[in-house]
Amino acid sequence: MTETRKPAYLEDFAPSSGARAPRARFDGDAPALDLNGTWRFRMLPGAPAGTDGFERPDYDDSGWEGLPVPSHWQLHGHGAPAYTNVVYPFPVDPPHVPDENPTGDHRREFDLPEDWPEGAAALRFDGVDSCFRVWLNGTELGFSTGSRLAAEFDAGHLLRPGRNVLAVRVHQWSAASYLEDQDMWWLSGIFRDVTLTALPERGIGDVAVHASYDHEDGTGTLRVDVAGSAEALVSVPELGLVDAPAGVEHAVGPVEPWTAEEPRLYDAVVAAPGERARLRVGFRTVEVSGGLLRVNGRPLLLRGVNRHEWHPDHGRAVSRETMREDVLLMKRHNVNAVRTSHYPPHPDFLDLCDELGLWVVDECDLETHGFELVGWRGNPSDDPRWREAYLDRIARTVGRDRNHPSVVLWSLGNESGTGRNLEAMAAWVREHDPSRPVHYEGDRDSSYADVYSRMYPPHDEVDAIGRREEEATDDPGADAHRRGLPFVLCEYAHAMGAGPGGLEEYQELFTRHERLQGGFVWEWIDHGIRRREPDGAEWFAYGGDFGETVHDGNFVADGLLLPDRTPGPGLHAYKKTIEPVRVVPDPAAGTVGIANTWDFRDTSGLVLRWRAEEEGVPFAEGVLDMPVLGPGADADVPLPGMPEPPGGGEAWLTVSVHLGADQPWAPAGHELAWGQARLATGRHGAAGTAGAPGPVGTAAPAAGTEGALLRLGPGVLDTGTGALLSVGGLPVGTPAVDLWRAPTDNDQARHGVSVEVPWRAAGLDRITSRRLSAGRDGDAYVVRDRLAPAGADFGMLVAYRWTAEGGRLLLDVDAEAEGEWPCPLPRFGVRMDVPSSLGGVEWFGRGPGEAYRDVDQAARVGRFASSVDGLQTPYLRPQENGNRADVRWAVLRAEDGTGLRIDGDPVFGLSARRWDTAALDAARHPHELVPDGRIHLHLDLEHHGIGSASCGPGVLPAHRLAAGRHRLRLGFSPAAPTP
Ligand code: GAL
């Protein structure tokens, strides 16, 4: 008979055995040994009940491979990653796990340093996914679960001089997997650090810092509890506190408080007879009072992101450099808060938040979302057998992270339904750390959470919540209680693919209603896994790319950063939306309005600059006096008299706010905020102004026919077919009205109302065209078509009117919908193709980045240069992208300087690609898109907005593009050679 038994601990409700009580990580002087590095490793297909003796020191592991620790074995050639959002990738049959349970055996030899002290020691694992059993020198220490929680074991009694052997067996699946159903890749292994630390006698077993700030008198109090030594002493030299007893509250007099805006930390030392530790203390007081979440007496406005730990090559095994990069990127994009969705991060990340300043919602490692798919039957959250595991998880979260001033809320977990075990966790927090409020979104009544939290509600609902008038339930008591609480959006603005739209409108609500204390965009980074094709092409995999049978596709790619940490257009839009200083230039009034939207700090140390540009070319600039404004204050700053733009063209004033000095998170000069206003009326697209590459010559040949060819200015049309043949001798395709776009993730709307479905049902991706007429009309040539998809009785009548004027070929498109269109239009514009040599792009309009009508905050008016390739945003699933908004003119140029100039009247949206929309629509990954020999231009009047319906509300009414009448005017001319 074959062995079918599994080790009992795998299907045990108990979270661990043999593990030490949770405690804080601190910087003590007790000897420590870093056990990261290359371990010996072998993979087993299932979890055997016993071992073959691999835990024994003399076991011969010479046939095993090497594996880095920390890492996930799936990213090192053993098995494969798998992605699911809600659904468990195994039967919902708790606490049972599949027999097919990839198991990794690890061995690590280490030499104990000669001066290693005798006595107790702790072996710490900062993160092992999902369940592991550990032996030291052949003796079992125990097992533990809780993938993103630290686990320690007593090891001192087993250590021996010289060679020691650590053996760890890790299982992918365990009962605990039911508690770890976060929306992310399933990745296993020892993915965080392993350390051995001596535990000196009369040392610092654990330390808990209580540092509060009294905003009324500006003083701090400090109590440092030390477990393990009654004689411990605390010093904060800067505050004159020297060798003060631990465990006692000390009034430390006036202190500078800690805030995310000014993260003031004091160096402290805790000295026990056997050990000293350095601490960094931040004084601040968090409370919910008067219906608001306050720190140091002031309500917060959270401008946050949800952060999963992610690296495209290393998964959740992120290095300190990567963590630092995340914090720097957040700070540089005006983000002030982070929710550690949905587990406590590597503790180094919290050190960085303390040091550089971010408000943190520290979330426990808990999610049972897959039970929703079975009607929440058997949800562990309300099953007493899981109670110990729930309490263990919150105790380990709080126990490890309580000393971080950046942590202002404890979150019980994510999407785990409701139940007594969650309630018990909240009670545990209140008992053990009453200094921070409790967050849990799943608690709809907020009966055990201290703040009301929701994910993805639409704007009108958030507005009602802001007024404390959200929809009543059938429990008036609960309603009254909840309405008295502050509100946060723990998730909103789903940043999947292009978008998210709607940010500005949420921000406006946050400023309007004090109850709305901001939120956390979902999410920080796309969890794409880097892959390389044989030809070297790099791409990022998502769900299904590893052959998973059950998966959720590209829903894992919904971040503000692309997987390689390139900020996406959504992050730029968010940065502008949440800028801490508002800048509103009003040249007519001769002032610029400046408003400080920080909660704590004033505007001292900032520099205010102005610059005037004509068609994007600067002609005057200077520095203004930055007023010192306290939080919430505003002022009008006088502007100097503006000189006239030298060429009489379109001129804009940009006023921007910069750091005056280096900060730990950005250098001096870093731009925080900006505002623009138009200066002079100017003439749109005035030829040759301000050095603009203008059309060649104004003496265009008069309109005339040459056989079947009609010459209109620089353009040549075929009067037989109505086709545009060339502009200035450059062969170009005929502009044709195009209503289709490759649906974005938000159009597709996996967890919202899809607009792609009605678009495809209506046939907008397969519109046909019927020629109604084509011919001369005076000096013009006019083509009339009727566009409509097969099977539909609605359509669009389009007239293309070609004329010549001022050296340009002009196209007037006039379109009118007929019949009943069942849905909004994806876009209205024309497409045309041009030779592939025209790879350089320059434009005067909004840029530098991609913008759509509801994601256009970061696009400023200016002159920008890029290339066709550079205009693309490589969203993990190809979709509409790269539009440049409000373009006055654009030039596409070949390397030899020749090219095509397009003028808007007044503006158009520009996108240019080396493939057409059908190819973009069909591709699953960007590297599948291959240049087809032409450049495909889209010159758009407008797009339907983007919205956030991939998870949440769709496009707001103001950003819908209805069928109806649309008129677009464009001018074409050969570009002047570059000077
Ligand atoms: C939320 C969930 C997140 C993520 C998001 C969609 O419901 O809390 O973990 O799945 O939806 O991307």
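Helices (H or I, at least four residues) and strands (E, at least two) are DSSP runs, numbered from the N terminus. This is a predicted model, in which local features need pLDDT of at least 70, side-chain atom pairs count only at pLDDT 80 or more, and totals for chains, interfaces and linings use all residues. Residues are numbered from 1 along each chain as its sequence is written, and side-chain values use heavy atoms, with hydrogens and water left out.

**View 1. A cis bond between two prolines.** Pro 94 and Pro 95 are joined by a cis peptide bond. Omega there is about 0 degrees. Pro 95 sits in the loop that runs between strand E6 (82-84) and strand E7 (100-112).

**View 2. The shell around the ligand.**

**View 3. Side chains facing ligand oxygens.** A side-chain N or O atom of Asn 414 is 2.8 Å from an oxygen atom of the ligand. For Asp 558, the distance from a side-chain N or O atom to a ligand oxygen is 2.9 Å. Trp 522 places a polar side-chain atom 3.0 Å from an oxygen atom of the ligand. On its own, the ligand has 310 Å² of accessible area (Shrake-Rupley method, 1.4 Å probe), and the protein covers 96% of this.

View 4. The loop holding His 342 lies between strand E28 (337-339) and helix H2 (347-356).

**View 5. An asparagine with positive phi.** Asn 296 is not a glycine, yet its phi is positive, about 50 degrees. Its loop lies between strand E25 (292-295) and strand E26 (298-299).

View 6. An automatic or database assignment gives domain 3 (595-680) and domain 4 (699-974), among others. Their centres, taken over C-alpha atoms, are 35 Å apart. Their contact (heavy atoms within 4.5 Å) takes 10 residues from domain 3 and 10 residues from domain 4.

Notes
Polar contact = N/O pair within 3.5 Å; in protein donor to acceptor, adjacent residues only side chain to side chain.
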